[in-house]
Amino acid sequence: MPRLIRKLLPAALLALATIPLACAAAAPPPARLLSRLALGGPGGWDYLAFDAPSRHLFVSRGDRVLVIDVDAGKQIGTIAGTAGVHGIALADDLHRGFVSDGKIAAVTVFDLASLKTVATITGTGQNPDAILYDSASHHVLTFNGKSASASVIDPAKNAVIGSIALPGKPEFAVADGAGHVYVNIEDKSELVQLDSLHDKVLQTWPLAPCESPSGLAIDNPHHRLFAVCDNRTMTVLDALDGHHVANVPIGDGPDGVVFDPAEAMIYSANGESGTLTAVHEDDPDHYRVTATIPTQLSARTLTFDPKLHRLYLSAARLGATRQANGRRTIEPDSFGVLTVGRP
């Protein structure tokens with residue numbers, strides 16, 4: 001081997017070693033819009049939830065929750081009486097689902113097998129919005145938009161057992177399964193870390209340059225949090241100490257984000273753009289946009305099917321005028337669920 005090559009070889013190997021490891025494996029082929037399930041009916045919508053064991057999709061719809069068999073491609077049930085429903089939390093170990101009823105400060109509890117309502121829990125904070133089941137504490141938490149608080153529910157008692165004051169208006173929340181819950185604070189552009197075993201705030205971290213964060217997802221093995229924000233930005237934070245990792249450009253009007261751990265992909269639903277932003281996690285510190293996937297205007301929330309690596313989004317055709325909340329009117333009977341993935 002010539003002397004010059006022998007001198008250059010170690011430096012070349014060192015340079016190769018600095019390339020993010022996951023870059024060697026290309027991001028998966030882009031997903032696309034596969035189908036649209038027409039559901040119709042009146043009312044708005046918010047979050048969706050997917051139950052992997054039953055293959056059921058739960059879709060919030062104003063004053064009810066629609067239950068979809070995604071493999072059969074049809075609605076199989078309705079959970080009624082959920083006034084102002086925002087979110088659905090699923091606890092497969094308890095065989096229960098929990099719905100946040102925003103207009104009546106309550107939670108509807110239903111059986112995952114029969115889909116029948118088994119209890120109504122009253123006494124949450126005002127306008128319970130996001131809701132989750134924390135497997136570490138075996139508690140359900142609602143995040144109350146008008147009370148700047150989280151209500152703690154014991155499913156064994158079907159009762160509110162505590163409240164956690166928050167520094168502002170909470171939006172979406174996620175749990176790490178190890179006693180920590182994370183929630184975006186929309187009006188402060190902050191992210192709060194909660195101790196779910198002792199029902200207290202641990203840390204509050206800034207999300208700047210993120211503005212008005214909404215959706216939140218987590219990569220548990222790598223301790224990364226993904227917050228989507230109104231200023232076309234996804235901010236990545238370290239879940240252990242809150243340090244800023246990255247900013248990634250996304251589309252307009254995001255409200256939901258999910259993480260696919262098997263493919264190291266993050267998807268932001270951008271309702272004002274009518275797109276999904278697909279972001280690949282090359283390694284825990286490096287992220288790149290791999291595709292902008294057309295969906296439909298208004299498709300701002302989503303959930304994830306880990307078996308088929310598919311995304312389900314709520315959407316409807318929008319009218320020319322606006323409602324009192326500033327959102328555009330909805331064309332009658334135009335509501336449906338979009339499926340995005342690879343054939």
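**Notebook: salt bridges**

I began with Arg224, which counts as buried because its relative accessibility is 7%, under the 20% cut-off. I remind myself that this is a predicted model.

Which residue forms a salt bridge with Arg224? I found Asp285, with the closest N and O atoms 2.8 Å apart. Arg224 lies in strand β19 (residues 224–229) and Asp285 in the loop between β24 (275–283) and β25 (286–294), so this pair ties together parts that are 61 residues apart in sequence. I also looked up how open Asp285 is: at 40% relative accessibility, Asp285 counts as partly exposed.

Next I turned to Arg342. Its salt bridge partner is Glu263, and here the closest N and O atoms are 2.5 Å apart. Arg342 sits in the segment after β30 (336–341), while Glu263 sits in the loop between β22 (254–260) and β23 (265–270), so the pair links parts 79 residues apart in sequence. Is Glu263 buried or exposed? I noted it as buried, at 17% relative accessibility. Arg342, at 23%, counts as partly exposed.

My next entry is a network: salt bridges with shared partners join Arg55, Asp71 and Asp305.

Then I checked Glu186 and Lys169, whose side chains meet in a salt bridge of 2.8 Å, N to O. Both are in loops: Glu186 between β15 (180–185) and β16 (190–195), Lys169 between β13 (159–165) and β14 (170–175), so the pair ties together parts 17 residues apart in sequence. Lys169 counts as partly exposed, at 27% relative accessibility.

How many salt bridges did I end up with? The count comes to 13.

Terms used. Residues numbered from 1 in each chain as written. Predicted model: local features only at pLDDT ≥ 70, side-chain atom pairs only at ≥ 80, totals over all residues. Heavy atoms only, no water. Salt bridge = Lys/Arg side-chain N within 4 Å of Asp/Glu carboxyl O. Helix = DSSP H or I, 4+ residues; strand = E, 2+ residues; numbered from the N terminus. Buried < 20%, exposed > 50% of the residue type's maximum accessible area, 1.4 Å probe, protein only.
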